[in-house]
Amino acid sequence: MGVFEKVKSIVVDQLGVDEDDVTLETSFEELNADSLDIVELIMALEEEFDLDIPDEEAEKIRTVGDAVKYIKENQ
Amino acid sequence: MLLNESVAIVTGAARGLGRAIALELAAGGAQVVVNYAGSEAKALQVVHEIEAAGGRGMAVQADVSLAGDVDRLVKTAQDACGKVDILVNNAGIARDNLILRMKEGDWDAVLATNLKGVFLCTKAVAKGMLKRRAGVIVNIASVVGISGNAGQANYAAAKAGVIGLTKSVAKELAPRGIRVNAVAPGYILTDMTDILPDEVKNGIAQTIPLGRVGEPRDVAKAVAFLASPDAAYITGQTLCVDGGMEM
Ligand SMILES: NC(=O)c1ccc[n+]([C@@H]2O[C@H](COP(=O)([O-])OP(=O)(O)OC[C@H]3O[C@@H](n4cnc5c(N)ncnc54)[C@H](O)[C@@H]3O)[C@@H](O)[C@H]2O)c1
């Protein structure tokens, strides 16, 4: 599975949204994620990709594409 | 038993209220991590008492005012017990003095243990609780945090801070099924209060509506209730256990 597919499945799982609604351009806000949802999502991504995302970086991750890009650059 | 299968961390549990709380939670069926700062022998004694009564416990050293120590405490508990369901932030110190005589160091030390310690421990357990969509935190505040007290500006400020922290975290974590409450003891007989002169102690007892000072068990029972599923619909509250001092 590619990074995007993995991120997508975590987003679907964490936010309880439809797979078809998740594209690289989709922002978490559009998916009705509140701030706590986003913190949890970041935690789940850290676990899946064995990363430690600093808070300053996490704040910049607003879309699915941002997450995929960050993961690819830091893996 | 109400707390069966649950794992609890009680900070500063080698003596006083923490010890009574640890024993009470263990009696309720919880596996208890007895945190201590320096007194290993006393902490181990608490663990022995828990085990003698048929419960399970372990002692872990950590200074709650240090982030590294707190992370190690929580990790040790999670590794050994699989999870943390209950956190009781009990560790606390007092460095009383009139404001004009209060040293900056006394202010800093009390805020570091009594307020920052609660923040650090809460943050450290919250991650696991969020994931499991369950957890209970009980913070030991003080009636002094509500009423103020001459000679305790640092302590009262820290305890008032604990009450504000309790409400804020309760609001943040409520959507994930995590409850956060505070217990505000009044005047309870422990080493912390034993240092007061006898006339002061007697004077205080006379001002307590229920006519006696409290015992650690009075506080432990309230903590065990808030930690249990019996309190499932209670969050963000500060429960005074003070014989009626604060009303
Ligand atoms: N006794 C009372 O009347 C009373 C009243 C209101 C609130 N309280 C609060 O109840 C709590 C327990 O008080 P107590 O009367 O049992 O006092 P105590 O002094 O007997 O026990 C406090 C425990 O906390 C531990 N501790 C101190 N600093 C620590 C640190 N940095 N890291 C880890 N552990 C640390 C101590 O070693 C001790 O075992 C405190 O938060 C206190 O402020 C007590």
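Visitor: Which residues in helix 4 of chain B meet L36(A), E40(A), M43(A), E46(A) and E47(A) in helix 2 of chain A?
Guide: This is a predicted model, in which local features need pLDDT of at least 70, side-chain atom pairs count only at pLDDT 80 or more, and totals for chains, interfaces and linings use all residues; side-chain values use heavy atoms, with hydrogens and water left out. Residues are numbered from 1 along each chain as its sequence is written, while chains are lettered from A and ligands numbered from 1 in the order in which they are written. Helices (H or I, at least four residues) and strands (E, at least two) are DSSP runs numbered from the N terminus, and contact means heavy atoms within 4.5 Å. On these terms, the five residues of chain A meet K127(B), L130(B) and K131(B).

Visitor: How many residues of the contact of helix 2 of chain A with helix 4 of chain B are charged?
Guide: Ala, Val, Leu, Ile, Met, Phe, Trp, Tyr, Cys and Pro count as nonpolar, Asp, Glu, Lys and Arg as charged, and the others, Gly among them, as polar. The contact holds 3 nonpolar residues and no polar ones, and the number of charged residues is 5.

Visitor: Are helix 2 of chain A and helix 4 of chain B roughly parallel or roughly perpendicular?
Guide: Axes are lines fitted to C-alpha atoms, for helices over the stretch in contact, and angles run from 0 to 180 degrees between N-to-C directions. The axes of helix 2 (residues 35-49) of chain A and helix 4 (residues 104-132) of chain B come within 11 Å and cross at roughly 95°. Angles under 35 degrees count as roughly parallel, over 145 as roughly antiparallel, 65 to 115 as roughly perpendicular and the rest as oblique. The two helices are therefore roughly perpendicular.

Visitor: Is S35(A) buried or exposed?
Guide: S35(A) has its place in helix 2 of chain A, and an unreviewed UniProt entry annotates it as "modified residue: O-(pantetheine 4'-phosphoryl)serine". UniProt positions are given in the numbering used here, feature names are shortened, and annotations may be inferred rather than shown by experiment. Buried means under 20% relative accessible area, exposed over 50%, and partly exposed in between (1.4 Å probe, protein chains only). With a relative accessible area of 60%, S35(A) is exposed.

Visitor: What is the phi of N32(A)?
Guide: Most residues other than glycine have a negative phi. N32(A) lies in the loop between helix 1 (3-15) and helix 2 of chain A, and it is exposed, with a relative accessible area of 69%. Although N32(A) is not a glycine, its phi is positive, at about 65°.

Visitor: How far apart are the C-alpha atoms of V22(A) and T63(A)?
Guide: V22(A) also lies in the loop between helix 1 and helix 2 of chain A, but it is buried, with a relative accessible area of 2%. Beyond its neighbours within four places in sequence, V22(A) is in contact with residues including F4(A), L31(A) and V64(A). V22(A) and T63(A) are 41 residues apart along the chain, and their C-alpha atoms are separated by 9.7 Å.

Visitor: What is the separation of the C-alpha atoms of I86(B) and S228(B)?
Guide: I86(B) is found in strand 4 (residues 86-89) of chain B and counts as buried, at 2% relative accessibility. Leaving out residues up to four places away in sequence, I86(B) touches L3(B), M129(B) and A227(B), among others. I86(B) and S228(B) are 142 residues apart along the chain, and their C-alpha atoms are separated by 9.1 Å.

Visitor: Is Y155(B) buried or exposed?
Guide: An unreviewed UniProt entry annotates Y155(B) as "active site", and Y155(B) lies in helix 6 of chain B. Beyond four places in sequence, its contacts include N114(B), S142(B) and M192(B). With a relative accessible area of 10%, Y155(B) is buried.
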